[in-house]
Amino acid sequence: MRLSQFHLHTSKETPAEAELASHKLMLKAGMIRKLAAGLYTWSPLGLRVLRKVEQVVREEMDAAGAVELLMPAVQPRELWEETDRWEKFGGQLLKMQDRKDAWYCYGPTHEEVITDFARHELASYKQLPVTFYQIQTKFRDEIRPRFGVMRAREFLMKDAYSFHISDEDLGREYRNMYDTYCRIFSRLGLQYRAVYADTGSIGGSASHEFHVLADSGEDALAYSSDSDYAANVELAEALPTGERHAAEEDLREVETPTQKTCEAVAALLGLGLERTVKSIALMGADAGGAPLFVLALVRGDHVLNEIKLAKVPGLEAHRLASEAEIEAHLGSTPGFLGPVNPRAPIRVVADRSVAAMADFVVGANRPGYHLAGVNWGRDLPEPDAVADIRNVVEGDLSPDRHGTLALCRGIEVGHVFQLGRKYAEAMKCTVLDETGKASVPAMGCYGIGVSRIVAAAIEQNHDANGIRWPEAMAPWRAVVCMINPKKDPAVTEAAEALYRDLNAAGVETVLDDRGLRPGAMFADIELIGIPHRVVVSGRGLESGTYEYRARQAEDTENLDRDALFRRLS
Ligand code: ATP
Ligand code: MG
Ligand code: MG
Ligand code: MG
């Protein structure tokens, strides 16, 4: 590729609307252009990188024995009613009607479609196990699309689904996919961590997320100093998938200050049990475990990652009706101290995911939040279904009792999940087992945020001058630049030849033949993050060398042709 024939469109301006380095750099480098909230065009440059990620994912999925297919993005309502997710999935589900007034959604995920495929195509245990995958555009109507393609509404996902005759075999494939994900993220050159993500009703260690480690990450992770224990400190992950999706959207702020809290609680009660509260704070439950109210303490915009679940002793028996009662109750509940920061406004936020949370009271005890010094087991009973996700304070004993916990932040780029038989059962998907009996297959699902990875990689790999792509993701591995080609035809000739020879030697190389002055040319090349830069100049030609610089190196080196090819091969 020659840059003169490629559409490179960089910008010197730092885009004001972008908060994250990756978002700024993707805009400056001209990788993406915003069309509307959460909708982006991938420019030719951006697309090259996206395809690189896709390619690594595809190769590793194929090598792991998964088979690729492609499902429709648009899905009929009836399928989603079979699994009861048409309503439950909540506001992230973009619904639309065709000319005959039939309802469809734009797929945010494909459990329903793949299960429909399976119930028609899989008849016998002999066809199992099988893992299908696709790399496809998803749409989720996120409440707050932000950070460019990091949290977009339309984005590219690799989603895979496996079918098994036994739970043991599901466990085996889950491990296989887990290992495959490790290979994918290692090949992409990312620093990542696999963390335990609780699955609520499913329980056990049936779900892991893969996070690219970055201070700007939206998720808080806790990990042990001395063992492999690592978990996402996130309420949402303690809910089953369906509810989890519901919990993440449709946040409705009811009111702000404390005195309004009671009214809001009453309003919530008035709504019956369809609505619960999002985020942190307190949720009562009656003796039967049905929730009475939920309060949320929301500070700034950051709530999701500080959430913990706990059951407060004694609270279940009370139906709280007034603020005084609530406060009295808080006062008599060990560990509940009220807002640590009195200026932190209490807001009540509601969504529709009450069912899954019915048994829990929600609280958080990170320093600065509204619970301080609460210890599981001592002050609050250990909630069974979330035994592995703990209130986490830096320095706490790790739940596996090896080492102490540290916190870090991560960007969720992958998620593996043992679904069990929930979808297959709901959709009456069966296969004949060895004895000829109809049997509901166990399922796993495995997602990777292909487009998010591009942004996550930049968060981890950039400097003041621009992006520093890991080799596997770079738009090109090397660039050949020419100095003063107009004055010196020998430079053009030598650069053209080097460009051809490098490509012939298997080094994916682009030729910068745009005729820019060196300063502007080098600035662009650094901004777009090409790992290896080779400069052809009249002076270099005289001494028989090329000027070479690795993107992350401080200095340039003069290399002869052999040394250059050795360096790049
Ligand atoms: P998040 O917690 O960030 O909202 P999720 O848990 O809702 O993600 P999954 O349902 O697990 O996402 O989907 C699989 C993968 O798709 C995620 O691990 C993530 O990398 C990616 N993904 C999810 N939502 C988005 C989005 N809005 N924009 C870009 N990528 C996304
Ligand atoms: Mg989400
Ligand atoms: Mg998540
Ligand atoms: Mg997830």
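This is a predicted model: local features need pLDDT of at least 70, side-chain atom pairs count only at pLDDT 80 or more; totals for chains, interfaces and linings use all residues.
Start with α2 (residues 44-63) and α12 (residues 450-460): their axes come within 9 Å and cross at roughly 115°. The handedness of that crossing is right-handed. On the α2 side, the contact uses Val49, Leu50, Val53, Glu54 and Val57, and these meet Val450, Ser451, Ile453 and Val454 of α12. Sorted by type, the residues of this α2 and α12 contact come out as 7 nonpolar, 1 polar and 1 charged.

How many residues of α12 are buried? The count is 11 of the 11, so α12 is largely enclosed by the rest of the structure. The buried set includes Val450, Ser451, Ile453 and Val454, which also turn up in the contact with α2. Arg452, Glu459 and Gln460 are among the buried residues of α12 too.

**The sheet**

Now for the strands. In general, strands of a sheet pair through backbone hydrogen bonds, either parallel or antiparallel. Here there's an open sheet of 3 strands, ordered β4-β6-β5, and the pairing is antiparallel. β4 and β5 are the edge strands, each pairing on one side only. From one strand to the next, the twist averages 35°.

| Strand | Residues |
|---|---|
| β4 | 74-76 |
| β5 | 94-97 |
| β6 | 103-106 |

Zooming in on β5 and β6, the two run antiparallel and are joined by 4 bridges. Which residue of β6 is the bridge partner of Lys95? That's Cys105.

Terms used:
Residues are numbered from 1 along each chain as its sequence is written. Chains are lettered from A and ligands numbered from 1 in the order in which they are written. Axes are lines fitted to C-alpha atoms, for helices over the stretch in contact, and angles run from 0 to 180 degrees between N-to-C directions. A crossing is left-handed if the near helix is turned anticlockwise from the far one by less than a right angle, and right-handed if clockwise. Two residues are in contact if their C-beta atoms, placed from the backbone, lie within 7 Å. Ala, Val, Leu, Ile, Met, Phe, Trp, Tyr, Cys and Pro count as nonpolar, Asp, Glu, Lys and Arg as charged, and the others, Gly among them, as polar. Two strands pair if DSSP finds at least two bridges between them. A residue is buried if 20 or more other C-beta atoms lie within 10 Å of its own, exposed if 12 or fewer, and partly exposed in between; C-beta atoms are placed from the backbone.
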